[in-house]
Amino acid sequence: MSSKVIDRDATIHQDAPRLKGKGTPLRERVFHLSLWVSLAVAVVFLASLLAYVLSEGWSRLDPRLWMNFPDYIDPTQGGAQSAIMGTVWVIGFTAAYCLPTGILTAIYLEEYADPDKWWNRAIEINIQNLAAVPSIVYGILGLGIISRGLGFGQTVLTASLTLSLLVLPVVIISSREAIRAVPQSIRQASLALGATQWQTIWRQVLPAAVPGMATGSILALSRAIGEAAPLLLLGGLTFITFNPSGVQSQFTVLPIQIFNWISQSRAEFVSLASAAIVILLAILLAMNSVAIWLRNRYSRTW
Amino acid sequence: MTPPSDATGGTRIPQVAFRSAPSLAGPVFEVGSLSVFYGDHEAVRDVNMTIGHRQITAMIGPSGCGKSTVLRCFNRMNDLVPSARVAGKVHYHNEDLYGRDVDPIEVRRRIGMVFQKPNPFPKSIYDNIAYGPRVGGFQGNLDDLVEETLTHAALWDEVKDKLKTSALALSGGQQQRLCIARTIAVKPEVILMDEPCSALDPIATAKIEDLMTHLAREFTIIVVTHNMQQAARVSDRTAFFTADVDDAGVRHGRLVEYDETERIFSNPSDQRTEDYISGRFG
């Protein structure tokens, strides 16, 4: 029986169209290569930056960095504890303010707002534009309205509110994307079972959207952590030898501390700044890893 | 809020009684001069029909004839489309479904719906069944209710050992039967089904049809279907819809004929019905 099959195959193959050509077309391969080159440029830059900072800061990457406060007389004994704790306080309050606000705004825009109404469209366009406003402008806003207008002064609260305004558009936009990704069929199923709109949102839409919202929010907060410009305008102090004790406290944050040390002339400060950059990058990478983990852990196929 | 008549309660009448004498409690729905608009477009025009108690009513017709639109009028799912507007009479037990003081949430608890594509919640099988009772403030024993409901939907034996696993792990046919079970867990009076088998293979379809026949002892069922054999197999009465194109080239859905299923398929009174069921158009 098998010989028969082979015979038949032989005749079929004789008449089969020829497949031989030049292999994968040249254009295809050039395109592929250019993608690799673009990727390589990005990765090489990032890697060399990391390597440089690590080599500069290696000598200072020890407990002195997070156990001690800044010391301008003897930089070898100085540390960044007040800046690290300042960053933790500022980002903590930024999250506490901008996450609820942003998520509730996103729920309104996605689930309740009628897109045919001009005011809802105006809000939407505004939010998209706000996401593109340079951070220094938010610094001016914070200085004029929050710090001076509301009289909050140069405090953790002022910094948190200003950074909240800065990242709020990003939180809103990414939360909307996450809410929109929940299929309409789930909402219909819930409503058809006699659930109210709020029950549908609370029990079906939000749980399904949480991974996406968390990912977007963490990335937004990562951006806030690295911001120095608006806080410089707010008068974030550069020489603070105590940790914040509350929202009314004065503060400094890592980017400002780094900025200040780098502008010092002594070499010890440069290595101190490099070590602080490593700490800042470590915090950022940790936050981004959590975002990636969340996305993978809870990603869903419908 | 009085729950709809207890589906498993003591007042169960032998099944034969329902199939031969379906109108024990009078009509469930009375529809008169019903039109549905999407914006300015009149998608369905002048529909008149009466839906009997514990009957299976099939709605058939070509695509775009408005049968799903009409179905969604029965539990006010059209409310969710911002531009949709309903005109005419839709009475449920002599009460205007679109009356000013009618609570659409309460409407949907009494008139459940199963959709075209199985859409279980991304939760466990148990939570899918328990969802409706939970949001409705059910106070009794949920475990019992889940078992009773799944048994009712002929799904208990297949899923009893994996109640806590995700409903999305079930096959398509099982998912759709779970969706039906989820609907009856709320103990509605009516179940609307919008092409419930169109995403399923013939074996899964047969199981759903069996389930429908079985459920018709206790529930009033209205089913939209593209499958004429299905309508002929399961339904007591059949409504045939088609779309008229007016002078401006706009399509309006219309109810052409509504009668006993047997009559629709053996001796329809309208030529268009005959053409459709004999496969000449649509």
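UniProt, in an unreviewed entry, puts the feature "domain: ABC transporter" at residues 29–268 of chain B; such annotations may be inferred rather than shown by experiment. This is a predicted model, where local features need pLDDT of at least 70, side-chain atom pairs count only at pLDDT 80 or more, and totals for chains, interfaces and linings use all residues. Residues are numbered from 1 along each chain as its sequence is written, with chains lettered from A in the order in which they are written.

**The annotated stretch of chain B**
- Residues 29–268 of chain B are 33% helix and 29% strand (DSSP runs: H or I of at least four residues, E of at least two), and their end C-alpha atoms sit 23 Å apart.

**Two positive phi values**
- B:Arg54 isn't a glycine, yet its phi is near 50°; look for it in the loop between β2 (41–51) and β3 (56–60) of chain B.
- B:Arg54 counts as buried because it has 24 C-beta neighbours inside 10 Å (the cut-off is 20 or more, with C-beta atoms placed from the backbone).
- B:Glu195 has a positive phi too, about 45°, and lies in the loop between β7 (190–194) and α8 (202–215) of chain B.
- With 20 C-beta neighbours inside 10 Å, B:Glu195 is buried.

**Where A meets B**
- 15 residues of chain A contact 21 residues of chain B (C-beta atoms, placed from the backbone, within 7 Å).
- On chain A's side, α8(A) gives the largest share, 6 residues.

**Confidence in chain A**
- Mean pLDDT (predictor's confidence per residue, 0 to 100) is 86 for chain A, and 94% of its residues reach 70 or more.
- Helix α1 (residues 2–15) of chain A is lowest at a mean of 62, while helix α8 (residues 184–192) of chain A is highest at 95.

Note on methods. Contact = placed C-beta atoms within 7 Å. Buried ≥ 20, exposed ≤ 12 C-beta atoms within 10 Å, placed from the backbone.
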